[in-house]
Number of protein chains: 2
Amino acid sequence: MGLTCISCGRRYTKSKGLYYCEACGSLLGTLVVDYEYAKMEVSRDMFSSTAPMYQFEKLLPVQNHSKVASAIGGTPLLFFEDCFGVDRLYVKNDGMNLSASFKDRASIIAVNMAIEEGYDTIFCASTGNAASSLALVSASSPLQTVIFVPSTIPSGKMAQLRAAGAEVNVVAGSYDDAFDQSLEEGFKNGWYCRNSAVNPYLLEGKKTAAYEILVQMNYQVPDYCLVSVGDGTVISSLIKGFEEFKRLGLVDRVPCVIGVQAEHASTLTKVFKRGEPYIPIREDVHSIADSISVGYPRDVIKACKFLARSGGDLVTVPDHEIKDAIVELATRTGIFAEPAGAAPLAGLKQLLDQGRIQKESAVVLVVTGNGLKDPGAIGGNS
Amino acid sequence: MGLTCISCGRRYTKSKGLYYCEACGSLLGTLVVDYEYAKMEVSRDMFSSTAPMYQFEKLLPVQNHSKVASAIGGTPLLFFEDCFGVDRLYVKNDGMNLSASFKDRASIIAVNMAIEEGYDTIFCASTGNAASSLALVSASSPLQTVIFVPSTIPSGKMAQLRAAGAEVNVVAGSYDDAFDQSLEEGFKNGWYCRNSAVNPYLLEGKKTAAYEILVQMNYQVPDYCLVSVGDGTVISSLIKGFEEFKRLGLVDRVPCVIGVQAEHASTLTKVFKRGEPYIPIREDVHSIADSISVGYPRDVIKACKFLARSGGDLVTVPDHEIKDAIVELATRTGIFAEPAGAAPLAGLKQLLDQGRIQKESAVVLVVTGNGLKDPGAIGGNS
């Protein structure tokens, strides 16, 4: 197992505390983990459609040391025939993880890495989901947990943090400010960094959602896979997961992965549309979808490169369509999603209207968080 | 498959609209479903520790017709060595169901029964969890859904209802009032009844949690299993599930099942302690644990009979201990529970203090709902 910089191509071996490419001199994540794929013995019958994510241990960068691994991943993929205008609709419900979000897939990798490398404290900055995920996933481990969140964090996520007993720093300002402050404090104190956009190993946890989709579809590859995008880490991870199963000979192609951003929080889309070289920008953003309200996306280079090479794309949707999508999704499928989790449905509807996705398609929507995290989004108390 | 009245012993065959024993003339649930156990071919290797609840279809009263069966049951059983004062602690996390509560196990049975028996509308009364569960589980079915809830329903549960598009009747008064009104309207209109305490088939869905615990423990029977109690349906279902696996020869004994009630909502405990004949009473109750704030428990006879014959018991805990238990549970295990879900831990601590449970025991705590349903319980917005 090694790491390669997606910008300059420099290669690294796994070593304690290595997060970013020294040659590129950046805290933006550009390192990508690779394996000796040719030597791996992996076959379709090794995997189960209901087992949790650590069934893929061979393809992960660290062994499991956690007590809660059986509660992470292995989330249901629900199938709906002729739904929302497509013949075959699948919904991957990652709101059914331990902390009720996709982020648990990254948190368990971080906790396992921190334990294996001998750290005593782990930290992260977060719009909310990564924070509550880390606090709950690490609660049963020997690690101390330090969290940095903006004051705009929704009630459900704050309640999770309060219950889990982590040290919580509420940063005056945006997620982007919380991110900067977390890196300053975390690295100064020598803590383990669970910021997905910086730590290359976390992508490895997140990619398991793509593996699970393929196993659950009995290795039929969907035409499209839609997911919400903030920093850009989740979309990179899904593309990497699909690509790896192709590389391992388990499937013969990868789906078109489409990222969905909020209209007024679409920084990554702007960078991607401008084309190479992908230069990060920083702007003020706002959206009902707190999880993807990111004005300075930290995984911009990786996300753009993965999207370009796999034929993926990015679209933006207005907040009112996201809000409508929460209700439509729950009403038709029974899945109650937080705003970012429902954004892919808003994106699907736009692409169908534009004729860019056809009715005959098999489409996967990835729901990244449970609506219970932010009941205020549809008009209740927030 | 047939039904037997646990009060008078009268037997019935399964028939449309049959909910209660006509001889006993009561709307309190006394009917219990039984199977021709001796003729059933069931073996340990038929079941998986990660598969959802419909893997037990042979032992359920109705086939699956739902699109969301893969998202119900199959919840993780987490293991913690030397935790909370016992050597082997297991936590069954039913907050990881589709609607984030145990109630989905009953809702899917009700939806499947209503579809099979040709109903077009299904109704229920609920403190909140059964309502949001039914609304989400039935959303993708052809059924119309009508809900009756008290105005005290917490924010998360109301948000789920609002998203799912069910018809919601907010009843001025308590859960007990909502229950009475639901039966009046529901039976008058000829709708299918998803009130667990009345409909005997719903216990069959709930009992699968006991099956799963035994499969996940590799058929080692725990010494104690603790669960919160309101109406009394959940505890009856767990005892029935354990008893059935014994009857089928899959295990050789049943655990001691202990129900935990809130100090000021302990009606069922009073009835049980008075002994036979178990006469239902009605009183004013209040507790932080909304899910078990039941002043007129509807499943009192079944619960008391199941408890008495299996050697189980009931204990009560004050609200402040439930509140503490939410934080202790999350801090040690990473599981964030709603108040009723954390009550079993408060019960365990009391029984350990009293020497009624020993350190050497294997103890299962059943967490029936996710803390995200009621973030206000630990001091956030409610």
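Predicted model: local features only at pLDDT ≥ 70, side-chain atom pairs only at ≥ 80, totals over all residues.

Residues are numbered from 1 along each chain as its sequence is written, and chains are lettered from A and ligands numbered from 1 in the order in which they are written.

Between the chains, 47 residues of chain B are in contact with 48 residues of chain A, contact being defined by C-beta atoms, placed from the backbone, that lie within 7 Å. On the side of chain B that touches chain A, β4 (77-83), α2 (129-138), α3 (155-164) and α10 each supply at least two residues, and the largest share, 8 residues, comes from α3(B). Helices (H or I, at least four residues) and strands (E, at least two) are DSSP runs, numbered from the N terminus.

Within chain B, helix α10 (residues 319-333) packs against helix α11 (residues 339-353) at an angle of about 90°, with their axes 8 Å apart; axes are lines fitted to C-alpha atoms, for helices over the stretch in contact, and angles run from 0 to 180 degrees between N-to-C directions. α10(B) and α11(B) are therefore roughly perpendicular to each other, a term for angles of 65 to 115 degrees, whereas under 35 counts as roughly parallel, over 145 as roughly antiparallel and the rest as oblique.

In chain A, helix α7 (residues 233-247) and helix α9 (residues 300-310) pack at an angle of about 40°, with their axes 9 Å apart, and are therefore oblique to each other.

Terms used. Contact = placed C-beta atoms within 7 Å.
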